[in-house]
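Here's a quick briefing to read with the model open on your screen. We'll begin with the inside of the protein and work through to its sheets and helices.

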Amino acid sequence: MQRQDDSRRQTMPAAGVCVVVQFLCFVDGLWTFWEALARDLEAQGQSLVILSPHPPPAGATWPPVLPIPYAIGEYTAVAGAAPRAHWADLLDVDWAFHSPTHPPAPPPGIGEMAAAQALVDALLDHLQPDVVLAWAPPFPQSRLLLHEARWREIPAFGIERGFLPGTLVLESHDVGIGVDMVSHPVLPSAVADHAPDADMLAALRVYAGLAAAEPAPRRPDASQAPVITLLGSCPGFNLQPRQSRLIQLASPWFSSFAEACEALADALPPGVRLRARPHQADVAGRAYCAASPRVEAAFTDAIGDLVSTSDVIAVVGGTRTQLEAVLAERPVLTLTRGPLAGAGVAYEFNGDDLGALVAQALARADWVTRVQAGRRLIGFLARHALFGFAGTPLPRGSTDLAAFLGRFRLPQAMSASPRDRLARYLEATTPLLADFGTREGRRVSDYPASHAR
């Protein structure tokens, strides 16, 4: 039976290629979004090719999903490889993305790093993509791909989950979501001029399952102890090594979740409870919270519940979670840099008196001004930065993303079809993945060129 879009493809052959590298499982409607994007791209003459450690849902064969290791140590080492200068930092942070759900691979060395580089080179040499999207920009392999693509002057963007369920966000930088809001010279003034839609913000709070804002401090009764909840992100995202200049956009002051917890505990006034929720991939942070008498450990994925039961949300990284707190109109205390920096929304730690900053957050100093700034920021992001899955109350979706990516399609047809280019890529990369099998047991040899339509 002919697919509905096959007839369209016959009149507009797909000569261009859009590559997406995704290290997240295909969960919560993400696969359906990629299918929709693939159809929208084909309508304008582009093919979507996805690389992932995870297979698509059972029975799904299009768009093609090719294997890529989660960790650099899972590559087959290239013998006698000479190191490149930018590899050292990538090897340093590779460990920070391992978690109980992604067990550590063998420690990577120069040979495995060379194999990862060779796979990226083959991807760009043989698939010749018009545009590249790399999941979770701080991830070592995503940083490698973005670096190489931009060096070759190929349009390349980071892609991550948005702060609302069922959404994606694109970033032009390779640190993490929200960095554009700080470093792009146009966006701060655009946000400041945005007129938020109150009805849309209320609908987004309902959609996200967040409680309505409260106009006054949540615990006027002094007998009820105030609660500050500290939320952490994956260490590799925001807790950069001290030798990396990326700390300018991430963590100039704290090198671990535990270090931030200790500093915040020291700064609390008497009678304030400190609750800490480390990221599930932060093994050291979870161990600290389990053992420390200074914090109440919160090992839960119900972030909305933590937001609604806290007087202040403090964040170490945690880009999505801090934006959720802003949507819920809760005070946010930032201990690392991110999308709220300089926006007049959060109580921002800049290396000075943390105790005084905590007191301001608990008292909701300048609260009306901060709430208004938060509404402008969230309204702007929801309207202009997020791409929603089907059924989400967002104005833009897969069709809008495809139209954006279509701007980068090369005007001339390539010498080979996307299917033939895919076959060359698979032939070149199979030796690099000889020792790699996906966690579901499939080998790279299970991905023939016929996997592409």
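The second largest cavity has 13 lining residues, and Ile 68, Leu 119, Val 120, Gln 141 and Leu 145 are the ones nearest its centre. Keep in mind that this is a predicted model, where local features need pLDDT of at least 70 and side-chain atom pairs count only at pLDDT 80 or more, while totals for chains, interfaces and linings use all residues. Residues are numbered from 1 along each chain as its sequence is written, and side-chain values use heavy atoms, with hydrogens and water left out.

**Cavities**

- A cavity here is a set of points, on a 1 Å grid over the protein atoms alone, where a 1.4 Å probe fits but cannot get out; lining residues have an atom within 4 Å of a point.
- Searching the whole structure turns up 5 cavities of 30 Å³ or more, with volume taken as the space filled by probe spheres set on the points.
- The second largest cavity holds about 70 Å³, and α4 (110-126) and α5 (140-151) each give at least two residues to its lining.
- That lining splits into 11 nonpolar, 2 polar and no charged residues (Ala, Val, Leu, Ile, Met, Phe, Trp, Tyr, Cys and Pro count as nonpolar, Asp, Glu, Lys and Arg as charged, and the others, Gly among them, as polar).
- The largest cavity comes in at about 80 Å³, and its lining includes Glu 329, Arg 330, Trp 367 and Arg 370.
- For the largest cavity, 7 nonpolar, 1 polar and 4 charged residues make up the lining, and α15 provides the largest share, 5 residues.

**Sheets**

- Helices (H or I, at least four residues) and strands (E, at least two) are DSSP runs, numbered from the N terminus, and two strands pair if DSSP finds at least two bridges between them.
- Another open sheet has 6 strands with parallel pairing, ordered β9-β8-β7-β10-β11-β12; β9 (296-297) and β12 (347-348) are its edges.
- There, 3 bridges link the parallel strands β10 (residues 312-316) and β11 (residues 332-334), and Ile 313 has Val 332 as its bridge partner in β11.

**Helix packing**

- Axes are lines fitted to C-alpha atoms, for helices over the stretch in contact, and angles run from 0 to 180 degrees between N-to-C directions; contact means heavy atoms within 4.5 Å.
- Helix α3 (residues 87-94) packs against α5 at about 155°, with the axes 9 Å apart, which makes the two roughly antiparallel (angles under 35 degrees count as roughly parallel, over 145 as roughly antiparallel, 65 to 115 as roughly perpendicular and the rest as oblique).
- Trp 87, Asp 89, Leu 90, Val 93 and Asp 94 of α3 meet Pro 140, Arg 143 and Leu 144 of α5, giving a contact with 5 nonpolar, no polar and 3 charged residues.
- Helices α10 (residues 257-267) and α14 (residues 354-363) have axes that come within 8 Å and cross at roughly 75°, so α10 is roughly perpendicular to α14.
- Ala 263, Leu 264 and Ala 267 of α10 touch Leu 354, Gly 355 and Val 358 of α14.

Definitions and conventions. 1 Å grid on protein atoms, 1.4 Å probe; cavity = no way out; pocket = protein on both sides within 12 Å on 5 of 7 lines; lining within 4 Å.
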